[in-house]
Amino acid sequence: MLKLTHLLLLCVLKTATGTPTDKRIVGGRLAKLGEFPYQVSLRRSYNNHHFCGGTIISPKHVVTAAHCCYYIWGGILPPNVVNVFSGDLFLNSSTNYSNVGKIVIHPEYDVNTMANDIAVLELETELPRVGQVAAIGLNKESVSANLMCTVSGWGVQNYNSSELSGRLLATNVFIVDHDECQRRYDFDNIALFKGMLCAVNEERPADACQGDSGGPLVCEGVLTGVISTGKGCADKNFPGVYSDVQFFRSWIRTVTGPLDVTPFGVLVDTTTAVTTTDGWNIWHLFSSSTLKQLQNVVAGLVFLGIIDSLFS
């Protein structure tokens, strides 16, 4: 049976030079500031080139795809050549970067079949508590077919392109039943394995593509999949393949330790931050200029209330 080796070659073809060809969002829309605060860009420390995506799951941990952590010749990337960029929509931004201290690849990752294509990056220090930065919780339950999810990244917009998106893009896809997904891949003699999750958009071309690998598939507000592989991009006959976070949740937690990986809001201004009842910090959803405007509005309302009370 034909393995996924040819797909892996597509994923890592230019990794050594820092130019990604892994799974940009096809059929995507422009992301809004603060909409995906958990999304990060993985870049080479020596040339600042984006090569994969990733997802913040704690102040010191990022989940990505295992195949993102290899050179084209097969060697594992040393941590000091990978930087994590967070809190920005644009690839030309060089703010909010973190050094990677340790790379942990799933011990049963198979380079030929792409099974267990998941890894955890441990940062040298906690993420900077500035900008649009926050973690996302890990999915705990299996997901049903046809559930709408969102995938995001800076990858190419069509399979034959090599130009990355300069701004973060996102699109919606829908979960495909595992057996149905396998049936479709049977036409190309490709086997899917436990821990693989499929999603597709049947109505229009929409998918992750080269440069998006390692990034998030989010369903109902939790990290549900890690962009892994597939045949081409946005081909409804061959859904995108993701590493199933629910399947790997226990392994992830053995790597991160007893951390609370439920969402945390990274404060933009600790003196004025407001938190909702479930612990989310909401200020990370606003830019600094918007926050200033909100503060002026609140101050104005307070002043009007004082004046009104004096003359009532």
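Biologist: Which residues line the largest cavity?

Modeller: In general, rolling a probe the size of a water molecule over the atoms shows where empty space is left. A cavity here is a set of points, on a 1 Å grid over the protein atoms alone, where a 1.4 Å probe fits but cannot get out, and lining residues have an atom within 4 Å of a point. In this structure the lining of the largest cavity consists of K32, L33, G34, F36, P37, Q39, G87, D88, L89, Q132, W154 and L168. Please note that this is a predicted model, in which local features need pLDDT of at least 70 and side-chain atom pairs count only at pLDDT 80 or more, while totals for chains, interfaces and linings use all residues. Residues are numbered from 1 along each chain as its sequence is written, and side-chain values use heavy atoms, with hydrogens and water left out.

Biologist: What is the volume of the largest cavity, and how do its lining residues divide by type?

Modeller: The volume is about 80 Å³, taken as the space filled by probe spheres set on the grid points, which are joined across faces, edges and corners. The lining comprises 6 nonpolar, 4 polar and 2 charged residues. For this division, Ala, Val, Leu, Ile, Met, Phe, Trp, Tyr, Cys and Pro count as nonpolar, Asp, Glu, Lys and Arg as charged, and the others, Gly among them, as polar.

Biologist: What does I105 contact beyond its sequence neighbours?

Modeller: Contact means heavy atoms within 4.5 Å. Once neighbours within four places in sequence are set aside, I105 is in contact with A66, C69, Y70, I76, I118, A119 and W251.

Biologist: Is N83 buried or exposed, and where is it placed?

Modeller: N83 belongs to strand β5, residues 82-86, and is buried at 9% relative accessibility. Not counting residues up to four places away in sequence, N83 touches S41, L42, R43, S45, Y97, S98 and N99.

Biologist: How many salt bridges are there?

Modeller: Side chains of opposite charge can pair when their charged atoms come close. The rule requires a side-chain nitrogen of Lys or Arg within 4 Å of a carboxyl oxygen of Asp or Glu, and the count comes to 3. One of them joins E35 and R29, at 2.6 Å from N to O. E35 is partly exposed at 28% relative accessibility, as is R29 at 37%.

Biologist: Which residues form a network of salt bridges?

Modeller: E180, R183 and R184 are linked in such a network. The closest N and O atoms of R183 and E180 are 2.8 Å apart, and the side chains of E180 and R184 meet at 2.9 Å, N to O. R183 and E180 are 3 residues apart in helix α2 (residues 178-186), so about one helical turn separates them. E180 and R184, 4 residues apart in helix α2, are likewise separated by about one helical turn. R184 is buried, with a relative accessible area of 14%, whereas R183 is partly exposed at 42% and E180 is partly exposed at 24%.

Biologist: Which residues other than glycine have a positive phi?

Modeller: Among them are N48, with phi near 65 degrees, and N189, with phi near 55 degrees. N48 is found in the loop between β2 (39-44) and β3 (50-58) and is partly exposed at 33% relative accessibility. N189 lies in the loop between α2 and β10 (196-200), and its relative accessible area of 47% makes it partly exposed.

Technical notes. Buried < 20%, exposed > 50% of the residue type's maximum accessible area, 1.4 Å probe, protein only. Helix = DSSP H or I, 4+ residues; strand = E, 2+ residues; numbered from the N terminus. 1 Å grid on protein atoms, 1.4 Å probe; cavity = no way out; pocket = protein on both sides within 12 Å on 5 of 7 lines; lining within 4 Å.
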